[in-house]
There are 2 protein chains.
Amino acid sequence: MRRLSPTDVAFLLLERRHQPLHVGALSLFTPPAGSPPGFASKLAAELAESTSVAPPFDRRPLSRLGVFYWEDDPHFDLAHHFVHMALPKPGRIRELLAMVSRVHSAHLDRAYPLWRVYLIEGLEDGRIATYMKIHHSVVDGVSGIRMFMKSMSDDELHSAGMPPPWEIGSGHRPTPVLREAIRKVDRLRAAAISAPRVLRELQQTFRDARSQHPDLVTALRAPRSILNQKITASRRFAAQSYSTARMRAVGKTLGGTLNDVVMAMCAGALRRYLTDLGALPDKPLVAGVPVSLHRDREHAEPGNAVTFMLATLATDLADPVKRFEAIKGSMDYNKQRFQAMNQTELLAYALGMMTPGLLNMAGNWERMPINVVISHVPGPRTPMFWQGCQLNGLYPVSLVMDGIALNITLVSRADQVDFGLIACRRTLPSVQRLLDHLEEALVELEEACV
Amino acid sequence: MRRLSPTDVAFLLLERRHQPLHVGALSLFTPPAGSPPGFASKLAAELAESTSVAPPFDRRPLSRLGVFYWEDDPHFDLAHHFVHMALPKPGRIRELLAMVSRVHSAHLDRAYPLWRVYLIEGLEDGRIATYMKIHHSVVDGVSGIRMFMKSMSDDELHSAGMPPPWEIGSGHRPTPVLREAIRKVDRLRAAAISAPRVLRELQQTFRDARSQHPDLVTALRAPRSILNQKITASRRFAAQSYSTARMRAVGKTLGGTLNDVVMAMCAGALRRYLTDLGALPDKPLVAGVPVSLHRDREHAEPGNAVTFMLATLATDLADPVKRFEAIKGSMDYNKQRFQAMNQTELLAYALGMMTPGLLNMAGNWERMPINVVISHVPGPRTPMFWQGCQLNGLYPVSLVMDGIALNITLVSRADQVDFGLIACRRTLPSVQRLLDHLEEALVELEEACV
């Protein structure tokens with residue numbers, strides 16, 4: 001039994017009936033060539049026979065006198081965590097997204113380890129899907145996807161003999177230096193968690209830090225928008241893949257990175273979506289881009305050590321190239337600053353940037369410093385296999401909260417970039433339209449490149 | 001917009017993360033003879049095109065300054081409420097019960113009208129299923145099942161042309177006398193709801209009433225048992241049908257009603273289940289049997305006006321016939337008393353009997369006056385059809401709460417009695433064993449009758 005870090009506790013304390021704080025991922029796989037029709041059922045039956053479980057999949061939260069601990073589940077029950085499901089006919093992606101939207105809306109039971117893996121059959125094209133959810137108090141979304149990837153291999157045959165993700169777990173320990181830095185942040189966050197009024201003190205700390213390091217924050221101010229309302233308990237998940245080659249070509253021509261193109265596509269899509277609703281703010285939208293405090297992500301312990309960079313989406317600019325350049329300038333400025341920071345500066349920066357969570361906790365969700373979260377997770381660069389099946393898509397299913405009703409998280413792989421959009425179903429109508437708008441935004445950039 | 005009755009509000013206020021307070025029903029249907037394979041998909045597509053909705057399916061709760069109102073949902077969205085699902089292979093009842101267990105564990109979103117209807121395909125025998133859930137603040141379980149029955153007919157062809165349940169709704173108003181009686185209870189409950197400490201005052205009222213009417217309660221004391229623990233958020237649903245003819249034959253031989261046999265089967269099954277776990281209390285278990293305050297149930301408004309009768313389950317008696325007689329004696333005594341009460345006495349009785357909810361609210365779930373809830377819903381006496389499909393089973397899916405981790409609710413129909421057992425999955429291990437124990441208890445009674 002060990003005490004949760006205050007950062008991890010925050011995700012238990014911030015959780016509300018209408019605001020579950022787990023993250024997930026939807027993956028699509030092609031079964032091995034020549035698989036019999038019952039492949040998915042057989043795989044489900046095999047996985048259900050698993051008898052071992054590794055950290056962090058074996059532990060559940062325990063609250064004693066207001067303090068949260070992780071304890072091993074004394075009656076680990078795989079049938080609670082591994083679920084076999086099927087799509088109704090006709091088994092299109094549409095039915096799959098509707099199912100994930102519903103399942104992602106439901107809370108995890110805190111009496112059990114906070115995760116579930118669903119194996120989904122019944123796609124009309126014969127593929128199978130997995131949807132995995134895990135509570136943000138256990139890992140952040142990026143670490144969760146990395147843990148899942150540990151059960152995959154670039155070798156088809158080898159992958160078929162690998163254990164399921166819950167038998168592999170994380171298996172990493174943090175390095176002492178990083179652990180110390182994370183602890184510092186955690187201690188300061190702990191104060192905030194124990195009493196929301198400490199928000200003011202934290203802001204003072206932040207102001208002090210800023211006076212010593214004047215360039216710590218940009219002057220960005222997020223305008224009010226329909227993206228920043230109180231949310232309901234229902235989610236809409238939308239997902240689609242876009243060609244990495246096309247996106248890289250645009251980036252090359254316009255002198256930016258793949259991520260600059262990602263941001264520009266999101267900006268173009270949001271501009272179109274909000275314009276159609278008559279709800280585009282005059283001032284440009286501000287995106288919050290999660291950045292890990294673990295510089296050396298590969299060897300970091302799973303858990304939460306995430307802060308935000310702020311970037312303009314330049315949604316006030318009608319010209320796609322000018323918009324691209326404004327976004328790229330904002331991203332470049334942020335990256336340079338972030339790279340140059342030492343641990344102390346990073347700490348002060350993190351304190352300032354974690355205000356979305358604090359504001360949410362204090363109920364001040366109208367004062368959100370960002371309009372939308374856009375998160376880019378670097379994915380595998382080679383074809384990957386899980387249980388002998390080739391990975392065709394890996395779509396993050398992140399979380400939304402009061403004041404941030406839309407989250408766009410994507411995984412970039414060799415041939416395609418897999419976008420996962422999660423939104424409050426009621427606050428943001430027909431958010432699946434953003435999928436078409438993302439494609440339109442890419443075409444618009446391509447046409448500007450000619 | 002109209003204010004919720006305090007009784008209905010209680011089910012919103014008593015709801016917890018681990019304790020959702022909706023009720024449901026699982027129904028099994030045989031499609032019309034000669035239906036094509038795509039029957040379920042076609043039916044789902046047709047139902048999804050419904051464009052009208054009747055009270056109470058059109059209203060959602062709205063909280064203003066601590067007062068709850070019902071308001072019409074200004075953006076009623078059937079896609080949120082009507083869901084098409086499929087069972088994974090092999091599509092046994094086992095997979096169906098696992099699915100219902102999971103779906104019943106999830107909260108309804110209060111931003112929408114508090115109900116959902118699921119159409120489930122993929123049963124290996126070609127049948128289809130529906131699972132309907134509705135919040136207890138809208139209707140109690142019996143009224144919910146009655147509302148669903150309004151969309152069924154005893155005429156197969158006629159049923160195929162009937163609208164779905166949400167287009168029919170309730171369509172009833174209470175009679176003035178009953179409404180007044182219910183209001184009285186509601187007013188007193190309102191006080192309790194506004195401050196749990198009022199529990200003590202209510203208990204005093206109850207003691208006063210008892211001193212004037214000494215026979216208002218039995219001397220039953222529920223022993224402590226594993227059935228009466230704090231629950232988790234996960235549910236296990238188990239369901240099975242038993243022959244009405246066999247049960248009636250036992251009742252006739254032993255001089256009791258069908259309901260006496262129901263109670264005796266539950267008693268025998270619980271005795272076996274608890275004995276196997278080494279957890280049978282020395283003193284007999286006490287069942288709480290919900291009784292409607294609407295004497296004229298057929299013409300009552302949907303909503304909550306329910307109290308409890310207490311009955312011994314005589315689980316200390318090893319002999320099945322002696323156990324049967326003790327249970328029957330307890331039930332007869334209760335029924336006579338209940339029938340003889342005037343409205344004032346009924347009111348005092350209801351006040352006393354609603355203590356389970358109050359104790360739950362006050363966190364005193366260890367002092368529950370009952371061990372288990374057993375509820376008998378009279379069902380249709382003729383074969384019934386829904387959308388052209390014959391009804392084969394109608395299994396209530398009720399609710400559990402801290403202190404009452406098991407609820408057994410059943411619908412008696414012409415040829416079979418459909419038992420639905422809902423339990424906390426973690427608190428009560430392998431509760432599906434009770435299905436076999438119910439059959440064994442019936443056989444035990446049959447053998448004693450020979």
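Trainee: Where in chain B does B:Thr427 lie?

Mentor: In this predicted model, B:Thr427 sits in the loop between β15 (416-424) and α15 (433-449) of chain B.

Trainee: Why does B:Thr427 count as buried?

Mentor: Set the value against the cut-off. Buried means under 20% relative accessible area, and B:Thr427 has 12% relative accessibility, so B:Thr427 counts as buried.

Trainee: Which residues is B:Thr427 in contact with, leaving aside its neighbours within four places in sequence?

Mentor: They are B:Ile226, B:Gln229, B:Lys230, B:Ile231, B:Thr232 and B:Ala405. With B:Lys230 there is a further detail: the side chain of B:Thr427 reaches the backbone oxygen of that residue at 3.5 Å.

Trainee: What makes β2(B) and β7(B) a pair?

Mentor: Two strands pair if there are at least two bridges between them. Strand β2 (residues 22-30) of chain B and β7(B) have 8 bridges, in the antiparallel sense, so by that rule they pair. As an example, B:Phe29 has B:Ile128 as its bridge partner in β7(B).

Trainee: How many bridges are there between β6(B) and β7(B)?

Mentor: There are 6, again in the antiparallel sense. One of the residues to look at is B:Ile120, whose bridge partner in β7(B) is B:Ala129.

Trainee: Good, now chain A. Why are β1 and β3 of chain A said to stand at the edges?

Mentor: Start with the sheet: 3 strands form an open sheet in the order β1-β4-β3 (chain A), with antiparallel pairing. β1 (2-3) and β3 (59-64) each have a single partner strand, so one side of each is left without a neighbour in the sheet. Between β3(A) and strand β4 (residues 67-72) of chain A there are 6 bridges, and A:Arg59 has A:Asp72 as its bridge partner in β4(A).

Trainee: On to the interface. What area is buried between chain B and chain A?

Mentor: About 2,600 Å², of which carbon and sulfur atoms give 44%. On the chain B side, B:Arg17, B:Arg102 and B:Arg426 lose the most area to chain A, together 30% of what that side buries. The contact takes 32 residues from each of the two chains.

Trainee: Why is the meeting of B:Glu15 and A:Arg17 called a salt bridge?

Mentor: The cut-off is 4 Å between a side-chain nitrogen of Lys or Arg and a carboxyl oxygen of Asp or Glu. The side chains of B:Glu15 and A:Arg17 meet at 2.7 Å, N to O, so by that rule the pair qualifies. Across this interface the rule finds 6 salt bridges, and 20 residue pairs are in polar contact.

Trainee: Which element gives the largest share of the side of chain B that touches chain A?

Mentor: That is β5(B), with 4 residues. By class, that side of chain B has 12 nonpolar, 7 polar and 13 charged residues.

Note on methods: Residues are numbered from 1 along each chain as its sequence is written. Chains are lettered from A and ligands numbered from 1 in the order in which they are written. This is a predicted model: local features need pLDDT of at least 70, side-chain atom pairs count only at pLDDT 80 or more; totals for chains, interfaces and linings use all residues. Side-chain values use heavy atoms; hydrogens and water are left out. Contact means heavy atoms within 4.5 Å. Buried area is the accessible area (1.4 Å probe) that two parts lose on being put together, summed over both. A polar contact is a pair of N or O atoms within 3.5 Å; within protein, one must be able to donate a hydrogen and the other to accept it, and residues adjacent in sequence count only if both atoms are side-chain atoms. Helices (H or I, at least four residues) and strands (E, at least two) are DSSP runs, numbered from the N terminus. Ala, Val, Leu, Ile, Met, Phe, Trp, Tyr, Cys and Pro count as nonpolar, Asp, Glu, Lys and Arg as charged, and the others, Gly among them, as polar. Buried means under 20% relative accessible area, exposed over 50%, partly exposed in between (1.4 Å probe, protein chains only).
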